[in-house]
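Reader: I am new to this structure. Please show it to me, and then let us go through it.

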Amino acid sequence: MLDFALITASVCALLTLAFLATITRKTQRPHRRRFAVLGMTLTLLVSLSLITGLGYRFWYTHRPLPPAVSQQLFEGVTFTRELRTDPRSLVINVLRVDLTAPGISFMVTPPEQLEGGFHLRARTTSQFLKEFGVQLAINGSDFEPWRAHFLDYYPHVGDPVNVRGFVSSRGATYSTTRLYLPVLYISANNTASFQKPSGDIYNAIPGFFMILKDGKWDDPGSLDVDPRTDLEPRTAIALDKTGHTMILITVDGRQPSYSEGVTVQELSGIAADFGGVIAMNMDGGGSSTMVMQGKPGESIVLNSPIDAEIVGRERAVANHLGVFARPVQP
């Protein structure tokens, strides 16, 4: 329906442009000629906007799929991109991090002391990766304030925000709200666990709810979304049965014919497919982003984020989970 409306509007604008051009050529009266030229200019701008929108819409619904890959990115870190067509078009991005590999360590976005009781300035995941020098990063927890009106969205990059849930960055605890939310704890020696820290609290990052327990769907109960029907981009963190491998997952969504998104229950199954036995759902939707370090000062986005319906646009979010890792040795 939107495609038909864009085509119709584009054709009408071009016909109007042709009509005004004819008037401009034939009229001898200066005021009419000026009026026609002004009309031509405005119509040309409208036509270009409509044609650009139509071109974007065509690309948006006919994008080529990325290649399926499985490769080692850093010491102890492998990346897998899997493409699925069942139950719909899906692009799944998975980082497997060996917690015992030399050089592996973690960082949750550290706090700042800001006016108004805020602890963080909103950043994109790529900005976080560059600023703190981590090699890999995903978006983190739910946060506030947030609104998504087209002409009045919040936060912009740099706007003050707070995380919902218990958060600690390398021993600095800066949020203790909504303690009922599940938390992933990562100790200084890379012992990872949900709900119960191992020793002193070091890194801690909260999610929305647990989705996988003992390798099976863990129904979170009453939610604002239907865990079996609502399709969205998603982010999750899982651990394998040994507890020595962390699995970071994003599933792209809101992109017809490319990747349409998954339900929360489907996300649970994907975590299990990649070896997870326990998993937590993180902030998703337009926030879901996975990035890696490329050349010095460069970030490479591994998934296809979509913020404000713009493919490839990263949302500024409150916190992130970053991974330090060594280059692959020959």
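Reader: Which residues line the largest cavity?
Author: This is a predicted model, where local features need pLDDT of at least 70, side-chain atom pairs count only at pLDDT 80 or more, and totals for chains, interfaces and linings use all residues. Residues are numbered from 1 along each chain as its sequence is written, and side-chain values use heavy atoms, without hydrogens and water. On a 1 Å grid over the protein atoms alone, a cavity is a set of points where a 1.4 Å probe fits but cannot get out, and lining residues have an atom within 4 Å of a point. The lining consists of Tyr185, Ile186, Ser187, Thr191, Ser193, Pro197, Ser198, Asp200, Ile201, Tyr202 and Asn203.

Reader: What is the volume of the largest cavity?
Author: A volume is the space filled by probe spheres set on the grid points, joined across faces, edges and corners. For the largest cavity it is about 30 Å³.

Reader: Is glycine 199 buried or exposed?
Author: Glycine 199 lies in the loop between strand E14 (192-194) and strand E15 (203-206); strands are DSSP runs of E, at least two residues, numbered from the N terminus. Buried means under 20% relative accessible area, exposed over 50%, partly exposed in between (1.4 Å probe, protein chains only). Glycine 199 has 57% relative accessibility, so it counts as exposed.

Reader: Which strands stand at the edges of the open sheet of eight strands?
Author: Two strands pair if DSSP finds at least two bridges between them. The order is E1-E2-E3-E19-E18-E20-E16-E17, with antiparallel pairing. Each edge strand has a single partner, so one side is left without a neighbour in the sheet: these are E1 (69-74) and E17 (216-217).

Key
Helices (H or I, at least four residues) and strands (E, at least two) are DSSP runs, numbered from the N terminus. On a 1 Å grid over the protein atoms alone, a cavity is a set of points where a 1.4 Å probe fits but cannot get out, and a pocket is an open set with protein on both sides within 12 Å along at least five of seven lines; lining residues have an atom within 4 Å of a point.
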